[in-house]
Amino acid sequence: RANVYIDSVSDGLKVLNDIAAIFRGITYYVGGKIVPTFDREKDPIMVFTNSNVKDGTFTYSGTPKDSRYTVCKVRYNDAKDFYKQRIEFIEDSNGVIRYGYNEKDLAALGCTSRGQARRLGKWFL
């Protein structure tokens with residue numbers, strides 16, 4: 001559920017991207033149209049194994065340590081308290097031990113419940 005009140009003028013594509021972010025989607029411009037999409041479960045297109053990869057070896061890479069967030073503060077508007085802004089704190093304790101304390105602030109557009117804010121924070125981490 002998304003409870004959104006747009007009260008100012010803004011770029012249309014930015015507004016659509018903000019709304020799509022509510023359901024973890026994106027919008028993009030192609031062929032003169034704006035197309036919304038989201039990540040969903042699909043049937044596999046191809047299975048990769050050592051036998052069908054060049055030279056039979058995989059090359060692995062990761063993200064820099066400073067981009068591995070371990071704590072998330074999610075701002076949302078609490079419907080149970082007259083839509084006052086609240087912050088939900090989510091922590092990945094194993095991540096903090098492994099990577100250290102690295103915090104990310106998120107603004108949950110359209111979010112009006114603590115549970116929804118927690119789910120967003122856990123998904124992000």
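A salt bridge here is a side-chain nitrogen of Lys or Arg within 4 Å of a carboxyl oxygen of Asp or Glu. Keep that in mind for the views below, which come from a predicted model.

**View 1. Arg 114 pairs up with Glu 88 in a salt bridge.** The closest N and O atoms sit 2.8 Å apart. Arg 114 belongs to helix H3 (residues 114–124), while Glu 88 is part of strand S4 (residues 84–91), so this contact ties together parts that are 26 residues apart in sequence. Glu 88 has a relative accessibility of 5%, so it counts as buried.

**View 2. Arg 118 also forms a salt bridge with Glu 88.** For this pair, the closest N and O atoms are 2.7 Å apart. Again we have helix H3 on the arginine side and strand S4 on the glutamate side, so the pair ties together parts that are 30 residues apart in sequence. Arg 118 comes out as partly exposed, at 28% relative accessibility.

**View 3. Glu 88, Arg 114 and Arg 118 make up a salt-bridge network.** Here are the two contacts together: Glu 88 bridges to Arg 114, and Glu 88 bridges to Arg 118.

**View 4. Arg 86 forms a salt bridge with Asp 81.** The closest N and O atoms are 1.9 Å apart in this one. Arg 86 is partly exposed, its relative accessible area being 32%. As for the overall tally, the structure holds 5 salt bridges, among them the Arg 86 and Asp 81 pair shown here.

Note on methods
Residues are numbered from 1 along each chain as its sequence is written. This is a predicted model: local features need pLDDT of at least 70, side-chain atom pairs count only at pLDDT 80 or more; totals for chains, interfaces and linings use all residues. Side-chain values use heavy atoms; hydrogens and water are left out. Buried means under 20% relative accessible area, exposed over 50%, partly exposed in between (1.4 Å probe, protein chains only). Helices (H or I, at least four residues) and strands (E, at least two) are DSSP runs, numbered from the N terminus.
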